[in-house]
Amino acid sequence: MVSPAPPLPPLFDDLQRRSFDYFWETTNPSNGLVPDRWPNPPFASIASVGFALTAYPVGVERGYISRAQARARTLATARFFRDAPQGPEATGKAGYKGFFYHFLDMNTGARFDKTELSTVDTSLLLAGLLFAQAYFDGADPEEGEIRTAVDTIATRIDWAWAQQNRPPRITLGWHPETGFIPHDWVGYNEAMLVVLMGLGAPNKPLAPSAWTDLTATYGASWSRTQGYDYLNFQAMFAHQYTHQWVDFRGIQDPYIQAKGIDYFENSRRATYAQQAYAKVNPMRWKGYGENVWGITASDGPGDLNVPDFAGELRQFKDYYSRGVGLPHPFDDGTLAPTAAAASLPFAPELVIPAVEEMHQKYGHVIYAKYGFLDAFNPSFVNTQVKLSDGRVAPGFGWVATDYLGIDQGPIVAMIENYRSELVWRTMRKSPYLRRALERAGFTGGWLTAQ
């Protein structure tokens, strides 16, 4: 970071604790499954489980829970995924070929409805498991069982199977009813984490060509947005997720080295571009400004064409990957606090004022039991249409009524990375991650230290 890091105001203590409590209080303690959203959890999200596994040690270090409590919850989770039934059948299974279904029944752990076998959500789960493996490094037998269970889960994943569409590319997923999803991970996005997890696999890892092929598709993503040159992806989550576990400061692969930066700087520029966009506010949405910004994948009022606060006919979306820049920019006035809050390490000088102002201005509507609700939209004030999600608060506008695990996890972890670098420091010890980065061609920085 450039110059002394600004100190965190007390609000961040409260935000981190409330966001942590989402995982601690809503998870099924018997199997570690975490609801995709709350207070109406229809199913568990394996991505949310990965974020939860990362949050538990943060809770230990912050004094929210004891190490014994975190260990017991983590072991229950690791045992579930180690022992959960796998197979090609459409029902009664948690996964297949070592991968897991995106959504699982909160109680039985079986595939929920007709959800897909997801390579990216399995990767988010695996990153959390690897963090837990590196953190729980003590002699206690339960900590030893956590480590061996994670090895079992990681070893079982058949990455070559997921490359059958167009090797060396990895499919987005698979359905037992119809087979592979006809799309692969390409371009700059959360595919970074997917390929790194495959490169670091302890059994039959992906070949390094998987990474070079991925970066070869970055050409169209490098562009200028709001005066900043960087690898674009419209939604902020793609600039945050992999960074939660990987400290990219000072390490470079050949692609980013040729650009003269690292991926951390890339995400810093993306953060600045988001704030700059909100200041310009080209679509004239209500509330946007220097300290009210942040667009990412989030809930929204619904797929509607209705007048906004000023009476202008506008298009709004339900859950959607909103954002600034390439490849698919979309802005309907919906802001997601996690887009700013989870960018804290990249640009604290922008994020701290944003989190404080959103809380000061709108906290009475958007901040409650588990911190910031998923999203809000002061421009949407229509009370005559059926909403897909959320509610219209009198005198304010639309606000989500749910918390999402994939919002809460990055907030907890990235606040902690800013405070103490806990997740980054711990993951540097993971031989799995080091192997992945080295096979991808990363050099320099902390990778040079043995």
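Two strands count as paired if DSSP finds at least two bridges between them. In this predicted model, strands E9 and E10 meet that condition, since four bridges join them.

**The E9-E10 hairpin**

- Strand E9 covers residues 222-225 and strand E10 covers residues 228-231.
- The two strands run antiparallel, and together they form a hairpin with two residues between them.
- Gln226 sits in the turn of this hairpin and has a positive phi of about 50°.
- On E9, Ser223 and Thr225 belong to the covered face, while Trp222 and Arg224 belong to the uncovered face.

**The sheet of E6, E7 and E8**

- Three strands form an open sheet in the order E6-E7-E8, and their pairing is antiparallel.
- Strand E6 (117-118) and strand E8 (179-180) are at the edges, and each has a single partner strand, so one side of each has no neighbour in the sheet.
- Strand E7 (residues 173-175) is joined to E8 by two bridges in the antiparallel sense.
- His175 has Gly179 of E8 as its bridge partner.

**Nonpolar cores**

- The largest nonpolar core is made up of 149 residues.
- The residues with the most contacts inside this core are Phe81, Trp159, Trp211, Trp245, Phe248, Tyr263 and Leu437.
- Another core lies apart from the largest one and has five residues, among them Tyr230, Ala270, Ala273 and Ala339.
- Once neighbours within four places in sequence are set aside, the contacts of Trp211 include Met192, Val195, Leu196 and Leu199.
- Trp211 is also in contact with Asp253, Tyr263, Ala440 and Phe442.

**A buried glutamine**

- Gln274 belongs to helix H10, which spans residues 263-280.
- The relative accessible area of Gln274 is 4%; buried means under 20%, so Gln274 counts as buried.
- Setting aside neighbours within four places in sequence, Gln274 is in contact with Gln234, Met236, Trp293, Gly294, Ile295 and Val324.

**The cavity**

- Rolling a probe the size of a water molecule over the atoms shows where empty space is left.
- Over the whole structure, the search finds one cavity of 30 Å³ or more.
- The volume of the largest cavity is about 40 Å³.
- Its lining consists of Pro168, Arg169, Ile170, Trp185, Val195, Ala210, Asp213 and Leu214.
- Helix H7 (residues 209-216) supplies the largest share of the lining of the largest cavity, three residues.
- Six residues of the lining of the largest cavity are nonpolar, two are charged, and no polar residue takes part.

**The largest pocket**

- The largest pocket holds about 940 Å³ of space.
- A total of 40 residues line the largest pocket, and those nearest its centre are Trp185, Glu190, Phe233, Phe237 and Ser321.
- Helix H4 (119-135), strand E14 (320-321) and helix H13 (405-419) are the elements that give two or more residues to the lining of the largest pocket.
- Among the elements, H4 gives the most, with three residues.
- The lining of the largest pocket has 20 nonpolar, 13 polar and seven charged residues.

**Cis peptide bonds**

- Trp38 and Pro39 are joined by a cis peptide bond, with omega about 20°.
- Pro39 is in the loop between strand E1 (37-38) and strand E2 (44-45).
- Leu326 and Pro327 are also joined by a cis peptide bond, with omega about 0°.
- Pro327 is in the loop between E14 and helix H11 (337-341).

**Positive phi values in loops**

- Asp113, a residue other than glycine, has a positive phi near 50°.
- The loop that holds Asp113 runs between strand E5 (103-104) and E6.
- Asp113 has 61% relative accessibility; exposed means over 50%, so Asp113 counts as exposed.
- Glu421, a residue other than glycine, has a positive phi near 60°.
- The loop that holds Glu421 runs between H13 and helix H14 (422-428).
- With 25% relative accessibility, Glu421 counts as partly exposed.

Definitions and conventions
Residues are numbered from 1 along each chain as its sequence is written. This is a predicted model: local features need pLDDT of at least 70, side-chain atom pairs count only at pLDDT 80 or more; totals for chains, interfaces and linings use all residues. Side-chain values use heavy atoms; hydrogens and water are left out. Buried means under 20% relative accessible area, exposed over 50%, partly exposed in between (1.4 Å probe, protein chains only). A nonpolar core is a set of buried Ala, Val, Leu, Ile, Met, Phe, Trp, Tyr and Cys residues joined through side-chain atoms within 4.5 Å. Contact means heavy atoms within 4.5 Å. On a 1 Å grid over the protein atoms alone, a cavity is a set of points where a 1.4 Å probe fits but cannot get out, and a pocket is an open set with protein on both sides within 12 Å along at least five of seven lines; lining residues have an atom within 4 Å of a point. Grid points are joined across faces, edges and corners, and a volume is the space filled by probe spheres set on the points. Ala, Val, Leu, Ile, Met, Phe, Trp, Tyr, Cys and Pro count as nonpolar, Asp, Glu, Lys and Arg as charged, and the others, Gly among them, as polar.
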